[in-house]
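Please open the structure in the viewer and keep the selection panel at hand.

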Amino acid sequence: MSTATPQRSIRNTVEERALAVLRPVVIVALLIAALLPFYYMVLLSFRPLDSLLRDPGRLWLSFSEIEFSTYRDVLAPVDGGGQGFFTFIQNSLLVALGTVVLCLLVAVPGAYAVSRLEFFGRRKISALFLAVYFFPSILLAVPLFVFYTRIGLRGSLIGLLLVYVAQVAAVSIYMLRNYFDTIPQSLEEAAAIDGCSRLQVMRRISLPLAMPAIVSNALFIFMIAWNEFLFALLFLVERRDNWTVSLGLSQLAGSIEVPTTTLMAGSVILTLPIIVLFFLSERWLTGGLTAGAEKG
Amino acid sequence: MSGGGRGAPVLERPTEERSRGRRRRSSSTRARQDARTGLALISPTFVIVLVMVVLPILWTISLAFQNVRLLNLRTTGIIGDYSLDNLRAVLGSDGFVNALVTTLVYAVGGTAAAIGIGLVAALALRRPFRGRGLVRAALLLPYVAPVVAAAFVWSTALNPQYGIVNEWGTGLLGWDDPIAFLSSRSDDLSLFGLDLPMPTALLTVIAFEAWRSFPFAFLFLTARLEAIPDTYEEAAGIDGATPTQRFRYIILPQLVPTIAVLSVLRFIWTFNNFDDIYLLTGGGAGTEVVSVRVFNYLTARGDIGAAAAQALVLAAILAVLVGTYLRFFGRSEESA
């Protein structure tokens with residue numbers, strides 16, 4: 001034993017020294033990996049196309065060559081010589097905000113019911129809602145595509161919005177329910193003793209208390225709807241005036257006529273709102289994302 | 001969602017039942033009212049999910065057994081000619097089996113890489129330092145950024161003509177030729193004089209998947225790491241355990257249940273993934289996964305029956321895989 005202890009402590013020192021060097025190296029490497037693509041995106045959106053083609057490896061901008069025309073080009077309407085992203089932004093906003101409002105309207109009462117009220121089939125319904133989350137969306141894409149083609153809803157933003165609500169409401173209920181479960185029942189019981197009806201209790205006690213969860217949920221829904229691609233592609237591809245930003249970018253990325261730098265400006269426009277929202281709400285969101293996982 | 005989490009509601013239920021029983025005795029009208037209110041509150045969501053999710057899935061099953069094309073869509077109804085033709089054609093075709101193998105490789109590779117990187121990140125950021133909150137937030141960006149923008153940046157950066165990766169690779173790292181990361185099915189990698197064939201495009205999409213979803217694993221593992229009391233490690237340190245030993249025998253066992261849950265979640269999502277591969281390669285160069293194949297059958301070929309059949313097989317295989325996993329590992333996880 002007496003020989004083992006110093007050996008172990010040598011190994012200990014070696015490992016600790018190695019880790020002290022390795023740790024910052026790993027952190028910097030991870031940061032570069034995570035952020036460099038975004039830096040590259042912003043950089044290219046301000047670089048003139050010919051400068052990119054001449055010198056593709058450069059990672060900085062010289063002051064003289066900063067180009068803002070890419071943003072003008074990508075936002076301007078098609079008949080004004082641009083790519084019409086301004087319209088896409090409006091469509092994306094409409095769909096995303098519509099999804100948020102509709103989804104919260106149905107999910108908040110639903111989550112309250114699943115958390116608080118004993119009714120027939122309560123547990124089966126929550127299991128069903130959770131299962132929805134794990135279904136391959138391509139499996140859902142087939143019948144919805146056929147159904148929408150048949151009733152003529154394909155190409156409309158309303159149709160897309162309904163699909164989003166159906167997909168997100170279930171998850172939303174799951175997340176909100178977890179939060180409602182953490183609110184002590186005694187508050188509601190006190191209000192009930194004071195003569196409040198169930199709906200009054202819900203509106204006056206539970207809703208205000210659940211506000212942080214509802215806000216973070218709203219941001220979560222907004223991000224999902226803003227980023228969504230498959231259903232937008234499936235339903236809207238033939239209707240350019242109804243394209244969302246995601247769809248517009250992906251469709252134009254395939255064509256040779258639109259310069260890469262212009263589309264990089266489009267990427268920045270698509271990404272920026274999400275990153276701003278994320279940093280505004282980071283604390284809430286990360287709490288929300290792990291809320292389901294770290295109960296035990 | 002972890003083993004302990006699943007246990008928690010079971011513990012709560014008896015007391016809940018008891019209090020409900022007490023309430024029923026004192027005021028059964030309130031319980032009945034609650035039941036009615038509950039149903040009323042849940043029904044809007046239930047109806048939407050029923051109409052937009054459950055019924056369509058049932059309809060997919062029906063479509064999978066009919067000969068439906070986009071062209072004859074208007075004439076097909078619930079009562080059609082049912083046959084096993086679609087399933088037989090799908091299961092017998094090389095293309096589908098290949099796509100299934102690609103999907104599996106993609107899902108396993110993407111899941112393992114994402115969790116591996118996430119674990120390294122969580123461990124590296126475990127000890128507090130100035131600006132750690134900001135670093136954490138920055139590492140989450142790949143996960144929240146829109147997939148279309150991320151894929152576009154990656155495909156531009158990997159472009160053989162004007163992409164930065166190939167420019168630096170040929171200029172600084174001494175590559176002989178630019179690598180067509182997204183359109184080359186296979187390249188030989190020379191390693192110690194050996195030429196190993198590498199599935200370039202498939203590895204690239206797996207790398208993209210790892211880049212995009214490691215933050216998810218990082219987030220979960222960080223939360224779990226923070227819940228481990230420092231005292232265990234301190235005690236082991238006093239007993240002479242080195243950092244790697246402390247990780248192996250103290251930290252890792254605590255993380256296993258979380259890693260198990262993460263593996264299931266990430267596997268399911270990667271297995272079903274459509275966006276990433278469609279946007280990066282369009283399913284070319286040996287990266288055609290089942291989701292992309294279903295999409296092509298649905299839109300380009302308009303063969304709805306075959307598309308439905310393949311989507312169904314995909315879902316069935318996923319269900320079997322996850323079911324088997326839970327059966328074998330779910331229980332040991334519960335006891336862990």
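Begin by selecting chain B together with chain A: in this predicted model, 84 residues of chain B are in contact with 89 residues of chain A. On the chain B side of this contact, select helix α2, residues 28-64, which contributes the most, with 21 residues. Colouring the chain B side by residue class shows 62 nonpolar, 18 polar and 4 charged residues.

Next, select A:Ala169. Which residues does A:Ala169 touch, leaving aside those up to four places away in sequence? Within chain A they are A:Cys103, A:Val106 and A:Ala107. From chain B come B:Thr45, B:Ile48 and B:Val49.

Finally, return to chain B and colour its two domains separately. Domain 1 covers residues 9-64, and domain 2 covers residues 85-335. How far apart are the centres of domain 1 and domain 2 of chain B, taken over C-alpha atoms? The separation of these centres is 36 Å. To view the contact between the domains of chain B, select the 4 residues of domain 1 that meet 8 residues of domain 2. The domain 1 side of this contact consists of 3 nonpolar residues and 1 polar residue, with no charged residues.

Conventions:
Residues are numbered from 1 along each chain as its sequence is written. Chains are lettered from A and ligands numbered from 1 in the order in which they are written. This is a predicted model: local features need pLDDT of at least 70, side-chain atom pairs count only at pLDDT 80 or more; totals for chains, interfaces and linings use all residues. Domain bounds come from an automatic or database domain assignment. Two residues are in contact if their C-beta atoms, placed from the backbone, lie within 7 Å. Ala, Val, Leu, Ile, Met, Phe, Trp, Tyr, Cys and Pro count as nonpolar, Asp, Glu, Lys and Arg as charged, and the others, Gly among them, as polar. Helices (H or I, at least four residues) and strands (E, at least two) are DSSP runs, numbered from the N terminus.
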